[in-house]
Amino acid sequence: MNKDIFIGLLIPFLGTSLGSACVFLMKDQLNKKMQKSLSGFAAGVMVAASIWSLLMPSMDMVEESLGKMQWLPATIGFMVGIFFLLLLDMLIPHQHIDSDVPEGIQADSLRKTTMLVLAVVIHNVPEGMAVGVALAGAKYGNNLTMAGAIALSIGIAIQNFPEGAIISMPLKAEGINSKKSFVMGVGSGVVEPIAGFLTIVLSAILVPILPYLLSFAAGAMMYVVVEELIPEATGEDQNHTNLGTIGFSIGFCIMMILDVMLG
């Protein structure tokens, strides 16, 4: 593994770790307005990344060979990614921060704090895969640059910062001390470099399926956006949905600018 790929895999994890460290700086849990804004921001980053960093390169890779049918691998990979996350959502026991109802296979023995961390782990799997496949595309493909892959990695790290705070602060509010809340927040982000590394290994073996892997990661991330982040950004309190919308717009623009400038 070369230096650029190693750095690219670690940047998002660093974002999660720094965000989790907010538990040492903030006394109370995040207020609802801030949480809506940050969830909207994360959704905006992920939507822009799915379009510019994953779906468009996926179609560009097969433009010469498939012509006007270049949408086919992108569509297949996207839908497989959606159903893959749906399967994880149905099988892994977890609980979202803004919900009192556990999801997935029933596991009464698991504590609520563990369920909260597992929800973030599910969220982080497609992000790690997206970074991994972008780095693999830069190394093995011909339509992605390493700068573009690093731009995606930075974008994911930016949205991971508030995510780290969103997971560590509620854990502290549940009665866990700051140090353990930080460790659990950081631990939830470990899955990203692992998923990224495994995706790179798979891509190296099966270079022809890179367009499908790119769109697969896009579909997985879009599932998280629609199923989790947008509901968190809007929520039951309709008085502050504009905050989530503004956060989404800012996140989308930042990721778009990063990709165009560095990609």
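## Ground rules

Residues are numbered from 1 along each chain as its sequence is written. In this predicted model, local features need pLDDT of at least 70 and side-chain atom pairs need pLDDT 80 or more, while totals for chains, interfaces and linings use all residues; side-chain values use heavy atoms, without hydrogens or water.

## Helix H7

H7 has twelve residues. From first C-alpha to last, H7 reaches 17 Å, close to the expected 16 Å. That expected span is 1.5 Å times one less than the number of residues. Helices here are DSSP runs (H or I, at least four residues), numbered from the N terminus.

At the start of H7, a side-chain oxygen of asparagine 177 comes within 3.2 Å of the backbone nitrogen of lysine 179.

## Buried residues

Serine 188 has a relative accessible area of 1%. Its side chain reaches the backbone oxygen of glycine 185 at 2.6 Å. Beyond its neighbours within four places in sequence, serine 188 is in contact (heavy atoms within 4.5 Å) with residues including Thr16, Val117 and Ile167.

## H7 beside H8

The axes of H7 (residues 178–189) and H8 (residues 191–205) come within 4 Å and cross at roughly 15°. Therefore H7 is roughly parallel to H8 (angles under 35 degrees). Axes are lines fitted to C-alpha atoms over the stretch in contact, with angles from 0 to 180 degrees between N-to-C directions.

Gly187, Ser188 and Gly189 of H7 meet Val191, Glu192 and Pro193 of H8.

Note on methods: Helices (H or I, at least four residues) and strands (E, at least two) are DSSP runs, numbered from the N terminus. Angles under 35 degrees count as roughly parallel, over 145 as roughly antiparallel, 65 to 115 as roughly perpendicular and the rest as oblique. A polar contact is a pair of N or O atoms within 3.5 Å; within protein, one must be able to donate a hydrogen and the other to accept it, and residues adjacent in sequence count only if both atoms are side-chain atoms. Buried means under 20% relative accessible area, exposed over 50%, partly exposed in between (1.4 Å probe, protein chains only).
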